[in-house]
Amino acid sequence: MTTTIRISVRPLVEYVYRSGSIRPGFRTNASMQEGTRIHQRVQKAYTEEDLKEIVLEAELQHGDLTYVIEGRCDGLIRLEGQLTVDEIKSTAGNLDELDGGLDVHWAQAKMYAYMYAAQHDEPRMQVQLTYVHSVTGEERRFRRMAERQELEQFVAEVIAGYAPYAEMIAAYEAERDVSVRELPFPFRKYREGQRKLAGAVYKTIREGQGLMAKAPTGIGKTMSVLFPAVKAIGEGEASRLFYLTARTTTRVAAEEAFARMQAEGLNMHVISLTAKDKICFKDEEACDTGQCGMCEGYYDRINGAVLDMLGNETLMTRPVIEQYARKHRVCPFEFSLDAAYAVDAVICDYNYIFDPRISLKRMLEEQKRKTVLLVDEAHNLVDRGRMMFSAELEKAVFLDVKREFQTLGSHVPAAKAIVDYTGAIDKYLITLRKNGGEEGKIIQQEAPEELIERLEPFIMVAEQCLVEGGSGSAEMDQLLLDAYFTAQNFVRIAKLYDERFITYAECVRSEVRVKLFCLDPSQQLRQTVKGFRSTIHFSATLSPLRYYRDMLGAEEEDYTLQIPSPFNREQLDVRLMPLSVRYKDRERSKRPIAEMLQQLVSEWPRSNLLVFFPSYPYMREIYQAYTQLPGASDADTVMQEQGMNEQEREQFLAAFQPHPERTRLVFAVMGGVFSEGVDLPGDRLNGVIVVGAGLPQIGLENNVLKDYFDKSGRNGFNYAYVFPGMNKVLQAGGRLIRTEEDKGVLVLVDDRFTQEPYRSLLPEEWLDYKRI
């Protein structure tokens, strides 16, 4: 049986030609919107007989594999009577340095020429590269004539260059599919509710729908969604999956789930992506393309590095990636991204799919249609989505660039233009500050069009300067780069601006901050996932479900699943202390809470108790009140510090060991890194105390949100304050019971828990509480 490999032209030629073909500093199509605009401008000059965006396909045999190559040609035009493939590229680089065009671009154009010639039996084709400067609009064209036989030979060479990788992947996929079919559920039995969730996930993927699943903490949600998704890949219902997380702790849970399945025989390529600032070897090499040995010559070594890792590894975690990056001397971050396009499962942050600044843009529509998104702790995506689809800028960023570039002479051609454009931006922001009134705040429904018009030319000239070598000063170039990315993101988000956004400005002394604030991210989230096979949102705290369906952009036909807690009520001793902890009452609440904590310490000797507070200041006040009580030294008290790094967080959690010599009373903040995604089973955690309903602080943005939802017919206070706050409460309390054997005490401190809507948002198993 012949195996068929389907691949698009661009990734095919980029794989074969990236060695030595992509020149540092000469970047094409840096902006998707800019590239599209330039393509359309060039195509507008075509005649009525000329064709554009032509879909082409060709089938070739090489060895035991059949290759089906597909692609979309920019233009098919007649030049002096000769049929010509036109490949359009936009760039901010110096057109004089093109030297006849890049090999990778010629390869792309010649592939299209061959595909058309083969389909229409053309004896020869002309190929043309059209380069357009994104700043000046200047055009440069290069042409070559190619006989049919020459094109056939060229395509055969491209396929031969790609074949080692394709043959390895084809053999691997056959082994993978067998391993998936034979893979048993990797635990002795399903927990209660786990089989139902797994079945719903598989059904959703098979039908190409979406699912919003609320499943209690401790049933094994990670395995419940990964196991059926893996099965779906092995049975051809999907080709790859993304496990999307908001936190490092949940990424580790996904890695452990894959490791367990691999111990049961699964053979599947899985990679974990780590943020650039964490995985970069900057302590060993200067992180700069001109200095870093891992970056210089990257494209000469990357294919060998990817083949080596894929040929020898299945679960590619950060240590594995770093190992092969050092072996082949490639940038570990870029290496992990290149490898991610070749694997079956990617474990990564939400950003890689949802954030328009960061997302994996090389994923083609055909790949997306076969890709499943598993969104872990999906409640986090509401605020993260709001943040990803918002943008802001500060006056100081552009003023600093203006001042620095004023010191440069004519030896930096772009310096004067940069000074002029940043000066225009600065002038606009000064005017805005003058109009801010006594409060120094401006809120408007419309996008700031005048500011956007001033940012666009700055973006183009800044990119031109950076591509052509910069200012000659690393510090100045970094200032320019920061301003460039700030402006680019602001303009990008402005293109999404509609009635779900507002613009606000805050002026403090000489500083001005302008923000395009996404009030409701649901439309953008819905559009982002639209092209994918299936999206599974899951969390223990999607409560109320109607709110999360609304805010996460669920389609009307998407499924909803709620699984009750499988644990016995006897496992959880729930207590309620109906004490007001509102800001005005906090001073008189400190001693009663401290005394209650002292009582718990005496009740639970040699235990681990974790107390969550709504803010750092309030936590510190209660901590101080507790340590001043007589007998406070009976417990070891620990307090979460602000800005803890990854190693400090790991040490903080590692200290939760069963049966300590004395009870450990740990103070932490609700909504922080320790209140969700943390697994402390058994006697590593014996009690959780949640102080307050977790409501966000009253402020400009939350009040604007409240007004927006009120005007749209929804309960603004609930949407802006109650639902997000109570989610923090549910997450914090969910740290306690993680397995069928766990037991512990849960104390809720706030009189609002006895009132609506707070009471109805509590899990059913928490409602059987004792008042204290």
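Two strands count as paired where DSSP finds at least two bridges between them, and strands here (E, at least two residues), like helices (H or I, at least four), are DSSP runs numbered from the N terminus. By that criterion, strand β2 (residues 51–62) and β3 pair in the antiparallel sense over eleven bridges. The model is a predicted one, in which local features need pLDDT of at least 70 and side-chain atom pairs count only at pLDDT 80 or more, while totals for chains, interfaces and linings use all residues. Residues are numbered from 1 along each chain as its sequence is written, and side-chain values use heavy atoms, with hydrogens and water left out.

**Strand β3 and its partners**

- Of the 15 residues of strand β3 (residues 65–79), 13 are buried (under 20% relative accessible area, with exposed meaning over 50% and partly exposed in between, for a 1.4 Å probe and protein chains only), so β3 is largely enclosed by the rest of the structure.
- Strand β1 (residues 3–8) runs parallel to β3 and is joined to it by six bridges, with Ile7 opposite Ile69 in β3.

**The seven-stranded sheet**

- An open sheet with parallel pairing is formed by seven strands in the order β21-β22-β20-β23-β24-β19-β25.
- The edges are held by β21 (636–639) and β25 (770–771), each with a single partner strand, so one side of each is left without a neighbour in the sheet.
- Four bridges connect β21 with the parallel strand β22 (residues 664–669), and Asp636 stands opposite Arg664 in β22.
- Helix α22 (residues 616–627) packs on the sheet, touching (heavy atoms within 4.5 Å) β20 (608–613), β21, β22 and β23 (687–691); its direction makes about 160 degrees with that of β22, where axes are lines fitted to C-alpha atoms, for helices over the stretch in contact, and angles run from 0 to 180 degrees between N-to-C directions.
- Helix α25 (residues 716–733) also packs on the sheet, touching β20, β23 and β24 (744–749), and its direction makes about 165 degrees with that of β23.

**Salt bridges**

- The structure holds 47 salt bridges, each a side-chain nitrogen of Lys or Arg within 4 Å of a carboxyl oxygen of Asp or Glu.
- Lys770 and Asp573 form a salt bridge whose closest N and O atoms are 3.3 Å apart; Lys770 lies in strand β25 and Asp573 in strand β19 (residues 572–577), so the pair ties together parts that are 197 residues apart in sequence.
- Asp679 and Arg738 meet through their side chains in a salt bridge (2.7 Å, N to O), linking the loop between β22 and β23, which holds Asp679, to the loop between α25 and β24, which holds Arg738, 59 residues apart.
- Asp679 counts as partly exposed at 45% relative accessibility, whereas Arg738 is buried, with a relative accessible area of 13%.
- Salt bridges that share partners join Glu392, Glu506, Arg513, Lys515 and Glu701 into one network.
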